[in-house]
Structures are given as structure tokens and as C-alpha cells.
Amino acid sequence: MTLSSQQQQRIVIIGNGMVGHHFVEQLINSKADYHITVLSGEGRLAYDRVYLSSYFTGKTAADLALTDEKTYQQWGVNAVTGAWVTNIDRTHQVVTTKDGTSYPYDKLVLATGSYPVSYTHLRAHETGRNL
């Protein structure tokens with residue numbers, strides 16, 4: 001069932017890493033009629049962080065890109081780079097970025113990734129596996 005543009009659910013996705021981008025792909029493939037906004041704190045859209053080190057052996061940023069502005073435009077996705085989220089108002093369902101721009105939502109997805117953690121200081125018997 002397709003909603004009219006006035007009833008279209010607004011989905012805001014904070015984060016445009018591999019998982020955030022995959023979520024966007026799944027929404028698009030579902031053929032449901034959503035208004036999708038992606039807020040990326042980085043200055044570029046989703047790229048393959050797993051192979052990021054290959055950038056230093058000759059791969060280009062385009063080689064590592066998982067999407068581009070043209071694709072998101074074709075999908076009708078409002079992708080905003082450099083959009084560092086500073087506030088989530090769950091009562092009023094509004095996300096605000098560092099520059100003061102507000103993005104109302106019906107559904108909010110947090111796909112901000114994580115910080116890498118090194119457990120190399122632990123001995124193998126303490127973690128239950130070899131490192």
C-alpha cells in the first residue's frame with residue numbers, strides 16, 4: 001500500500017556507514033513509500049571501511065564508495081553529509097544537527113557504527129580465543 005506524500009512516513013537514519021547504507025538499500029528494495037533522510041557526520045557518503053587500508057595501495061575513494069549522490073537522488077533519498085547530530089528530541093520527534101538544521105521523523109534509525117577496540121592486551125586464555 002502506497003501512502004500519499006502527506007502521509008508518507010519520514011525515516012531519518014543517523015549514520016551512513018555500511019550498515020546505514022544497507023538499511024537504505026533494504027528500504028528502497030521494499031518498494032514502500034517512505035521519505036528517507038540520511039544524516040552523515042562525515043564529509044562523504046557510505047564507503048567500504050573494511051577495505052579502507054587498500055586506499056594506501058592504489059584504490060581510489062570512488063573504488064571504495066558504496067553509493068554516490070546520483071544514486072541517492074534517483075532513489076529519492078535526502079542524503080546530507082557533514083551533518084553532525086547534536087540533539088535528538090524524542091518527545092517532538094526531531095533531530096537537530098550542529099548547524100541548527102532540524103529533521104522531523106516518524107521513525108528514527110541510529111546506525112552510527114562503533115569505535116574500534118583492540119583487545120591485544122588480553123591474554124588468549126582470558127578471552128577464550130587466540131588473537
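These legends go with close-up views of a predicted model.

**Ground rules.** In this predicted model, local features need pLDDT of at least 70 and side-chain atom pairs count only at pLDDT 80 or more, while totals for chains, interfaces and linings use all residues. Residues are numbered from 1 along each chain as its sequence is written, and side-chain values use heavy atoms, leaving out hydrogens and water.

**View 1. Strand β2 and its two partners.** Here β2 spans residues 34-40, and five of its seven residues are buried (under 20% relative accessible area, 1.4 Å probe, protein chains only). Strands here are DSSP E runs of at least two residues, and helices are H or I runs of at least four, numbered from the N terminus. β2 pairs in the parallel sense with β1 (residues 9-14) over six bridges, and with β3 (residues 78-81) over four; pairing takes at least two DSSP bridges.

**View 2. Around Thr97.** Thr97 sits in β5 (residues 94-97) and is buried, at 3% relative accessible area. Its side chain makes a 2.6 Å polar contact with that of Asp99 (N or O atoms within 3.5 Å, one able to donate a hydrogen and the other to accept it; residues adjacent in sequence count only through side-chain atoms on both sides). Beyond four places in sequence, Thr97 is in contact with Leu39, Ala83, Trp84, Val85, Thr86 and Tyr103 (heavy atoms within 4.5 Å).

View 3. Mean pLDDT for the protein chain is 79, with 68% of residues at 70 or more; pLDDT is the predictor's per-residue confidence, from 0 to 100. Residues 125-131 fall below 50, with six contacts beyond near sequence neighbours.

Terms used:
Buried < 20%, exposed > 50% of the residue type's maximum accessible area, 1.4 Å probe, protein only.
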